Amino acid sequence: MARMHTRRRGSSDSDKPAADEPPEWSDVDEDAIEARVVELAEQGHSPSEIGLKLRDEGVQGTPIPDVSLATGKKVTEILEENEAEPDLPEDLRNLLERAVRLRDHMDENPGDYQNKRALQNTQSKIRRLVDYYRGDEVDEDFTYSYDNAVEALGLE
């Protein structure tokens with residue numbers, strides 16, 4: 001599939017091995033995994049960061065290579081069940097952070113036309129994503145602007 005703002009296709013990548021059950025060396029209780037997921041979310045980690053921490057650090061010293069295989073639920077599903085989900089979806093939050101960073105850079109470097117284009121592309125992606133999430137994860141009256149992005153991220 002082609003990318004949104006270029007005609008290029010993505011570079012090929014390795015695939016995750018197909019598995020339908022967790023490895024036998026990773027035999028951690030589901031409740032312990034869920035408790036660790038909620039604990040990491042309360043510390044302010046995003047769902048992808050939680051997955052990386054469980055892969056690297058694990059629970060009780062045992063790595064968890066795949067949370068969904070070990071528990072039967074995704075990290076975001078676990079967070080929803082325990083009412084610990086983040087305010088904004090992770091992809092939208094990352095785009096908002098990028099847009100704020102680019103805007104701050106543009107204020108310092110007004111002649112940087114490459115970053116001006118990158119900011120325009122990022123803002124376009126944000127508007128599309130806000131339309132997708134409107135009503136469910138994002139307020140009905142949310143519209144993208146620099147000030148709204150700073151406020152939503154809590155960077156004030």
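So, start with Arg134 and Asp131: their side chains meet in a salt bridge, 2.9 Å from N to O. By salt bridge I mean a side-chain nitrogen of Lys or Arg within 4 Å of a carboxyl oxygen of Asp or Glu. Arg134 is partly exposed at 26% relative accessible area, while Asp131 is exposed at 51%. The cut-offs there: buried is under 20% relative accessible area, exposed is over 50%, partly exposed is in between, with a 1.4 Å probe and protein chains only.

Quick housekeeping. This is a predicted model, where local features need pLDDT of at least 70 and side-chain atom pairs count only at pLDDT 80 or more, though totals for chains, interfaces and linings use all residues. Numbering runs from 1 along each chain as its sequence is written, and side-chain values use heavy atoms, with hydrogens and water left out.

How many salt bridges turn up in the whole structure? Nine. One of them joins Glu34 and Lys73, closest N and O atoms 2.8 Å apart. That pair links distant parts of the chain, 39 residues apart: Glu34 is in helix 1, and Lys73 is in the loop between helix 3 and helix 4. Helices here are DSSP runs of H or I, at least four residues, numbered from the N terminus. Glu34 is buried, at 14%.

Now helix 7, residues 146-153. Ala149, Val150 and Leu153 are buried. They sit on the same side of helix 7, because they cover an arc of only 100° around the axis, taken from the directions from the helix axis to the C-beta atoms. On the other side, Asp147 and Glu151 are exposed.

Note on methods. Helix = DSSP H or I, 4+ residues; strand = E, 2+ residues; numbered from the N terminus.
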